[in-house]
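Colleague: I would like to learn how to read a structural model with some care. Could we go through one together, feature by feature?

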Amino acid sequence: MVTDLYRYQFDKGIPADEVGATLILSLLGAEALHGAAQTRLDAAHTFDPKARAVTIDAGTPVGRDLNRLFIGFVTREFGPDAVRVTRRPMPPPRARARRTEPVTA
């Protein structure tokens, strides 16, 4: 399974604390849709205030909704030209090698 990661990069004129607050607002919206526990389990994200970057994993329904909420909020708050979004596939973790046990009767 390949998971999509969305990376949001903000212009230097956008305060990092406001980006962080918008991410929290988006998480609250995801909680309203999916519940707090499911959001905590499935809304994988990172926020790097120094780089003014947010990354959200869209590999689950919760992650996809978090992405929709976040991009909607940031474009309304900061304008569509204040953020660049890149989407990249994330390869799945390497499958563990299966050990086969001999069947004995």
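Colleague: In which helix does Phe 73 lie?

Modeller: Phe 73 lies in helix α3, where helices (H or I, at least four residues) and strands (E, at least two) are DSSP runs numbered from the N terminus. Please keep in mind that this is a predicted model, in which local features need pLDDT of at least 70 and side-chain atom pairs count only at pLDDT 80 or more, while totals for chains, interfaces and linings use all residues. Residues are numbered from 1 along each chain as its sequence is written, and side-chain values use heavy atoms, with hydrogens and water left out.

Colleague: What pattern does the protein follow along the sequence?

Modeller: The protein has 3 helices and 4 strands, and read along the sequence they follow the pattern β-α-α-β-β-α-β.

Colleague: Why does Phe 73 count as partly exposed?

Modeller: The terms rest on relative accessible area: buried means under 20%, exposed over 50%, and partly exposed in between, with a 1.4 Å probe and protein chains only. Phe 73 counts as partly exposed because its relative accessibility is 30%. Leaving aside neighbours within four places in sequence, Phe 73 is in contact (heavy atoms within 4.5 Å) with Thr 22, Leu 25 and Ser 26. Phe 73 and Leu 23 are 50 residues apart in sequence, yet 8.8 Å apart in space, C-alpha to C-alpha.

Colleague: Which residues form the nonpolar patch on the surface?

Modeller: A patch is made of residues with over 30% relative accessible area and no salt bridge, where like charges are joined within 9 Å and nonpolar side chains (Val, Leu, Ile, Met, Phe, Trp, Tyr) within 5 Å; a salt bridge is a side-chain nitrogen of Lys or Arg within 4 Å of a carboxyl oxygen of Asp or Glu. Here Ile 24, Leu 25, Leu 28 and Phe 73 form such a patch, with about 360 Å² of accessible area together, and its largest share, 3 residues, comes from α1. Leu 28, which lies in helix α1, is partly exposed, with a relative accessible area of 47%.

Colleague: Which residues have the most contacts inside the largest nonpolar core?

Modeller: In soluble globular proteins, nonpolar side chains tend to be buried together. A nonpolar core is a set of buried Ala, Val, Leu, Ile, Met, Phe, Trp, Tyr and Cys residues joined through side-chain atoms within 4.5 Å. The largest one here has 17 residues, and those with the most contacts inside it are Tyr 8, Phe 10, Val 19, Val 54, Ile 56, Phe 70 and Phe 78. At least two residues of this core come from each of β1 (3-10), α1 (16-34), β3 (53-57) and α3 (61-78), and α3 gives the most, with 5 residues.

Colleague: Which way do the residues of β3 point?

Modeller: In a regular strand the side chains alternate between the two faces of the sheet. From β3, Ala 53, Thr 55 and Asp 57 point one way and Val 54 and Ile 56 the other, and all are buried. Strand β2 (residues 45-48) is joined to β3 by 4 bridges and the two run antiparallel, strands being paired if DSSP finds at least two bridges between them; within this pairing, His 45 stands opposite Ile 56.

Colleague: Is Asn 67 buried or exposed?

Modeller: Asn 67, placed in helix α3, is buried, with a relative accessible area of 5%. Not counting residues up to four places away in sequence, Asn 67 touches Tyr 6, Tyr 8, Ile 56, Asp 57 and Ala 58.

Key:
Accessible areas come from the Shrake-Rupley method with a 1.4 Å probe; for residues, only the protein chains shown count as cover.
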